[in-house]
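Reader: I would like a close look at the cavity in this model, and then at the parts of the chain that surround it. Please state the criteria behind each term as you proceed.

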Amino acid sequence: MKILTAAAILLAVPLALEAQQPPAAPPANPVMAAFRGRTLTLQRNIAQAFDSIPESKFGYKPTAAQLTIGYIAAHLANDNYLFCNAFGAMKGTRAAEDTATADSVKAKWPKAKLVSQLKESFSFCEKALDQLDDGKLGEQTELKFGNNTRQVSRAAMVLGHALDMADHYSQIANYMRLNNILPPTALPRPRPAGGAP
């Protein structure tokens, strides 16, 4: 009986102590915290995907009407600057070659160059996100696309950025599966210590 009582106390003490702990405070900017978390996860998955695709596959596209893997890499870097330049006063700087060359030409650049430029755009976007808090999401900013300019909210640009990356990650994941390559989100996850699932 003493052993059962001692066991019950040993199990109850940690639960009682945990119940006494104040709940974790919500983040100061919960909306931006959610966007930032999702954005950084997408960046990590996209970078890992492009890193794992052999250079010989960068010209691959499932049908004639679709984009090649190399084209998607170049296009994503451009999109990242388009969205992230609208997050605040900080603007990304790029070499003239990167902005003046058509994506169809850049798509044929070496994998190392394309992936490096994509990762540079991710680094810029991480810094650009730091300019925002929940209160700034309603501010208006200019969206310049070709010869068109219009006013949009910063929230629209942050959401657009996350959706654009999710769309292109899905596209790349399908291309990878068609080439018998597992996308990052399909790879086995490491088990936690202790072997519990």
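Author: Ala74, Ala77, Asn78, Arg94, Lys106, Leu114 and Gln117 line the largest cavity. A cavity here is a set of points, on a 1 Å grid over the protein atoms alone, where a 1.4 Å probe fits but cannot get out, and lining residues have an atom within 4 Å of a point. The model is a predicted one, in which local features need pLDDT of at least 70 and side-chain atom pairs count only at pLDDT 80 or more, while totals for chains, interfaces and linings use all residues. Residues are numbered from 1 along each chain as its sequence is written, and side-chain values use heavy atoms, with hydrogens and water left out.

The volume of the largest cavity is about 30 Å³, where a volume is the space filled by probe spheres set on the points, and grid points are joined across faces, edges and corners. The count of cavities of 30 Å³ or more comes to 1. Helices (H or I, at least four residues) and strands (E, at least two) are DSSP runs, numbered from the N terminus. By class, this lining has 3 nonpolar, 2 polar and 2 charged residues; Ala, Val, Leu, Ile, Met, Phe, Trp, Tyr, Cys and Pro count as nonpolar, Asp, Glu, Lys and Arg as charged, and the others, Gly among them, as polar.

A pocket differs from a cavity in being an open set, with protein on both sides within 12 Å along at least five of seven lines. The largest pocket has a volume of about 420 Å³. Its lining comprises 19 residues, of which Asn78, Tyr81, Leu82, Asn85 and Lys144 are the closest to the centre. At least two lining residues of the largest pocket come from each of helix H3 (69-84), helix H4 (96-100), helix H5 (103-106) and strand S1 (140-145). With 5 residues, H3 gives the most to that lining. The pocket lining divides into 8 charged, 6 nonpolar and 5 polar residues.

Another residue of helix H3 is Asn80. Asn80 counts as buried because its relative accessibility is 0%; buried means under 20% relative accessible area, exposed over 50%, and partly exposed in between, with a 1.4 Å probe and protein chains only. Leaving aside residues up to four places away in sequence, Asn80 touches Asn85, Leu118, Ser121, Phe122, Cys125, His161 and Met165. Contact means heavy atoms within 4.5 Å.

One of those neighbours, Cys125, is joined to Cys84 by a disulfide, with an S to S distance of 2.1 Å. A disulfide is a covalent bond between the sulfur atoms of two cysteines, and the criterion applied is a pair of cysteine sulfur atoms within 2.5 Å. A search of the whole structure finds 1 disulfide. The link of Cys84 and Cys125 is right-handed, with 105 degrees about the S-S bond. This pair links distant parts of the chain, 41 residues apart: Cys84 belongs to helix H3 and Cys125 to helix H6 (residues 111-129). Cys84 is buried at 0% relative accessibility, and Cys125 is likewise buried, with a relative accessible area of 0%.

The surrounding chain may be described briefly. The protein chain has 7 helices and 2 strands, and from the N terminus on its elements run α-α-α-α-α-α-β-β-α. Of the 197 residues in the chain, buried residues make up 35%. Among contacts with a separation of 6 or more, 68% are accounted for by residues 24 or more positions apart.
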